[in-house]
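Please examine the sequence and the model shown below. The paragraphs that follow lead through selected residues, helix contacts and salt bridges.

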Amino acid sequence: GRRAEARAPLRHARERALAIGARGVERIAHDELVIAGARPQRVAQSGPEGLTPSERRVAELAAAGRRNREIAEELFVTPKTVEVHLGRAYGKLGINSRSQLADTLRGYAA
């Protein structure tokens, strides 16, 4: 019943689990943090797992051959927003061109 007090030890446990590669313990600590009302940071900052949902949607549409303007219209955002999401996605995926998106995202289920 003391959710706020539980957050610091849970964050510490999650950090330690990540440091030693205990993914199962990390997931449990993450879930408990959410239950305690915290908003845990995303673990993966690179690779397909590091993409935010918005970056992922934009990257998938771009990989499917859509142009930035088409993506912007479909998602009701500006073309500049699409550019920003694609740029961040390229950085997280370690690629530098649109042609690499499909191969990089293939086989990864969100």
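Is valine 34 buried, partly exposed or exposed? The model under discussion is a predicted one. Valine 34 belongs to helix H2, and its relative accessible area of 45% makes the residue partly exposed. The limits that matter here are 20% and 50%: a residue under the former is buried, a residue over the latter is exposed, and a value in between is partly exposed. In sequence, valine 34 stands 32 residues from arginine 2, and the C-alpha atoms of these two residues are 14 Å apart in space.

The axes of H1 and H2 come within 9 Å of each other, and they cross at roughly 160 degrees. With that angle, H1 is roughly antiparallel to H2. The contact draws on Arg3, Arg7, Leu10, Arg11, Arg14, Ala17 and Leu18 from H1, while H2 supplies Arg23, Val25, Glu26, Ala29, His30, Glu32, Leu33 and Ile35. Sorted by class, the residues of this contact between H1 and H2 comprise seven nonpolar, one polar and seven charged. As for its handedness, the crossing in which H1 passes H2 is left-handed.

Glutamate 26 and arginine 14 join their side chains in a salt bridge, with an N to O distance of 2.6 Å. Because glutamate 26 lies in helix H2 (residues 23–35) and arginine 14 in helix H1 (residues 3–20), the pair ties together parts that are 12 residues apart in sequence. Both partners are hidden from the surface by the criterion used here: glutamate 26 is buried, and arginine 14 is buried as well.

How many salt bridges does a search of the whole structure find? The search finds seven, and the pair of glutamate 26 and arginine 14 is a salt bridge of this kind. Another is formed by glutamate 74 with arginine 66, where the closest N and O atoms are 3.4 Å apart. Here glutamate 74 is partly exposed, at a relative accessible area of 40%, and arginine 66 is likewise partly exposed, at 31%.

A further salt bridge lies within a helix. The side chains of glutamate 83 and lysine 80 meet at 3.9 Å, N to O. The two residues are three residues apart in helix H5 (residues 79–93), so about one helical turn separates glutamate 83 from lysine 80. Their accessibility falls into two classes: glutamate 83 is partly exposed at 41% relative accessibility, whereas lysine 80 is exposed at 55%.

Helix H5 also holds histidine 85. With a relative accessibility of 17%, histidine 85 counts as buried. Which residues does histidine 85 contact, leaving aside its neighbours within four places in sequence? They are Ser54, Glu55 and Val58.

The axes of helix H3 (residues 53–63) and H5 come within 9 Å and cross at roughly 90 degrees. H3 is therefore roughly perpendicular to H5. The contact of H3 with H5 has six nonpolar, two polar and three charged residues.

Burial in H3 involves other helices too. Its buried residues are Glu55, Arg56, Val58, Ala59, Leu61 and Ala62. The elements that cover the buried residues of H3 include H4, H5 and helix H6 (101–105).

Two backbone positions complete the account. After H3 comes glycine 65, which has a positive phi near 100 degrees. Phenylalanine 76 also has a positive phi, of about 60 degrees, although this residue is not a glycine. Phenylalanine 76 sits in the loop between helix H4 (68–75) and H5. Is its side of the structure buried or exposed, as judged for phenylalanine 76? At 78% relative accessibility, phenylalanine 76 counts as exposed.

Key: Residues numbered from 1 in each chain as written. Predicted model: local features only at pLDDT ≥ 70, side-chain atom pairs only at ≥ 80, totals over all residues. Heavy atoms only, no water. Salt bridge = Lys/Arg side-chain N within 4 Å of Asp/Glu carboxyl O. Helix = DSSP H or I, 4+ residues; strand = E, 2+ residues; numbered from the N terminus. Buried < 20%, exposed > 50% of the residue type's maximum accessible area, 1.4 Å probe, protein only. Axes fitted to C-alpha atoms, helices over the stretch in contact; angles between N-to-C directions. Parallel < 35°, antiparallel > 145°, perpendicular 65-115°, else oblique. Left-handed = near helix turned anticlockwise from the far one by under 90°. Contact = heavy atoms within 4.5 Å. Nonpolar A, V, L, I, M, F, W, Y, C, P; charged D, E, K, R; others polar.
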